[in-house]
Amino acid sequence: MKKQLLRKILLNVVMGGVLLLPNLPATGVEAADFKYKVDDGAEQTWDGSSDLIGTGTKLEVWGEGAESDNDVYGGYGSGSVTISGKTVIFNSGKVWYVYGGYSDSGEVSENAVTINGGMINYTVYGGYSESGEVSENTVTINGGTIDGYVYGGRSYGDGEVCGNTLTINGGTIDIVYGGYGNGNGKVNGNTLIISDGTNCSSAYGGYSWNNGEVSGNTVTISGGMIDNVYGGCSWNNGEVSGNTVTITDGTIGYDVLGGYGRGDGEVSENTVTISGGTIDGSVNGGYSSGDGEVSGNMVIITNGTIGNDVFGGYSDEGGKVSGNTVKISGGVIDNDNHDNDIYGGYGYYDGDVSENTVIITNGTIADDVYGGYCEENGKVSG
């Protein structure tokens with residue numbers, strides 16, 4: 001975190017409905033013309049020289065041309081304090097971080113952030129806890145620029161991250177997550193909705209950096225421009241299951257994956273549904289770049305344009321690939337610069353590829369169709 005020492009500083013000044021933390025060493029430009037309201041009260045001035053922390057229910061902040069190297073918090077809790085029901089509305093100006101709710105180790109739930117404009121130099125969190133549970137927080141981006149990350153909810157430790165929602169209606173953002181867990185806690189039931197927005201490099205419904213289960217997360221895209229899309233992702237050995245991606249419009253510059261695992265965790269029952277839009281890369285129902293089993297994943301295509309291969313299930317390192325399905329009833333899978341093959345199941349190395357299915361009733365497919373395929377040393381059956 002940018003200012004870990006905040007947890008060790010006593011909140012010793014109470015002023016005008018917000019807590020102002022003692023001055024930290026100067027780090028650059030400080031603005032003197034932010035305005036804010038607490039719970040729709042009187043308009044007040046924030047000079048940006050220290051963090052702004054709301055003590056009411058709602059904190060609204062604006063400042064055309066104003067800049068601060070500090071942060072805005074709807075609620076802030078030291079230790080195991082629970083933070084719940086706080087709202088931040090940020091309309092203009094430039095700050096580093098915006099948090100709906102923050103706690104060192106306590107639960108953070110049902111907080112909300114809305115960004116209508118301005119610039120966030122690094123990160124927006126609906127809810128954040130160093131180690132506690134983070135649930136049912138929301139972020140809505142209607143405009144502005146976030147020069148970093150946006151999280152519906154994030155726990156840095158082993159706390160569960162569940163039921164958080166991130167909605168993007170506009171603006172420019174780098175990487176977005178419905179829910180994110182750094183430890184071994186479950187990441188489940190988080191939602192990412194994108195209807196507009198540009199220059200988003202990666203979008204995740206749910207993500208675990210460690211071994212947490214990633215399940216039941218959803219991504220829905222009806223517009224905007226995104227490079228890569230993941231319904232659920234485990235960067236290590238967590239199970240990735242029951243995640244969904246639905247695309248009705250928009251442009252995806254590279255790949256779409258319903259579920260993605262890098263270790264030995266199972267990747268199962270994930271689904272990608274495409275009824276419109278353009279995907280320049282490949283589409284994978286479930287993908288393991290480790291040796292995790294890949295089973296029961298599905299890709300459904302009824303319309304849209306896809307510029308590379310389609311896989312119901314894919315394993316890089318010898319994991320079993322079974323019971324995956326691709327269903328195509330429309331759309332165009334064709335690009336002169338790439339292969340455009342269809343695979344129910346695909347094993348790159350030493351895989352057991354079995355009982356995978358491709359069903360095609362309509363649409364345009366440029367190249368080959370395989371129910372099951374193994375590149376090297378594997379077995380294909382069923």
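Okay, let's start at Gly378, which sits in the loop between strand S40 (369–376) and strand S41 (379–381). When I say strand, I mean a DSSP run of E with at least two residues, numbered from the N terminus. Gly378 counts as partly exposed because its relative accessibility is 37%. On that scale, buried is under 20% relative accessible area, exposed is over 50%, and partly exposed is in between, with a 1.4 Å probe and protein chains only. Take Gly378 and Gly65: they are 313 residues apart in sequence, and their C-alpha atoms are 61 Å apart in space.

Quick housekeeping. This is a predicted model, where local features need pLDDT of at least 70 and side-chain atom pairs count only at pLDDT 80 or more, while totals for chains, interfaces and linings use all residues. Residues are numbered from 1 along each chain as its sequence is written, and side-chain values use heavy atoms, with hydrogens and water left out.

Staying around S40, look at Asp367, in the loop between strand S39 (357–365) and S40. Asp367 has a relative accessible area of 35%, so we call it partly exposed. Asp367 and Asn228 are 139 residues apart along the chain, with 23 Å between their C-alpha atoms.

Now, some charge. Which residues gather in a patch of negative charge on the surface? They are Asp264, Asp291, Glu317, Asp350, Glu375 and Glu376. To be in a patch, a residue needs over 30% relative accessible area and no salt bridge, and like charges are joined within 9 Å. Asp and Glu count as negative, Lys and Arg as positive, and His and the chain ends are not counted. The place of a charge is CG for Asp and CD for Glu. Areas come from Shrake-Rupley with a 1.4 Å probe, and only the protein chains shown count as cover for residues. One of the patch members, Asp291, is in the loop between strand S31 (283–288) and strand S32 (294–295). Asp291 is at 44% relative accessibility, so it counts as partly exposed.

Asp40 is in the loop between strand S3 (34–38) and strand S4 (44–46), and Lys58 is in strand S6 (residues 58–62), so the pair ties together parts 18 residues apart in sequence. Asp40 is exposed, at 55% relative accessibility, while Lys58 is partly exposed at 24%.

On to aromatics. The whole structure has 39 aromatic pairs, meaning rings of Phe, Tyr and Trp (its six-membered ring) with centres within 6.5 Å; planes under 30 degrees apart are stacked, over 60 edge-to-face, and the rest tilted. One of them is Tyr99 with Tyr125, stacked at 5.0 Å centre to centre and 15° between the planes. Tyr99 is in strand S11 (residues 94–103) and Tyr125 in strand S14 (residues 119–129), so this pair links parts 26 residues apart in sequence. Both Tyr99 and Tyr125 are buried.

Last stop, backbone. Most residues other than glycine have a negative phi. Glu269, not a glycine, has a positive phi of about 60°. Glu269 is in the loop between strand S29 (267–268) and strand S30 (271–279), and is exposed at 52%. Glu355 has a positive phi too, about 55°. Glu355 lies in the loop between strand S38 (352–354) and S39, and is exposed, with a relative accessible area of 52%.

Notes:
Patch = residues over 30% accessible without salt bridge, like charges linked within 9 Å, V, L, I, M, F, W, Y side chains within 5 Å. Salt bridge = Lys/Arg side-chain N within 4 Å of Asp/Glu carboxyl O. Helix = DSSP H or I, 4+ residues; strand = E, 2+ residues; numbered from the N terminus.
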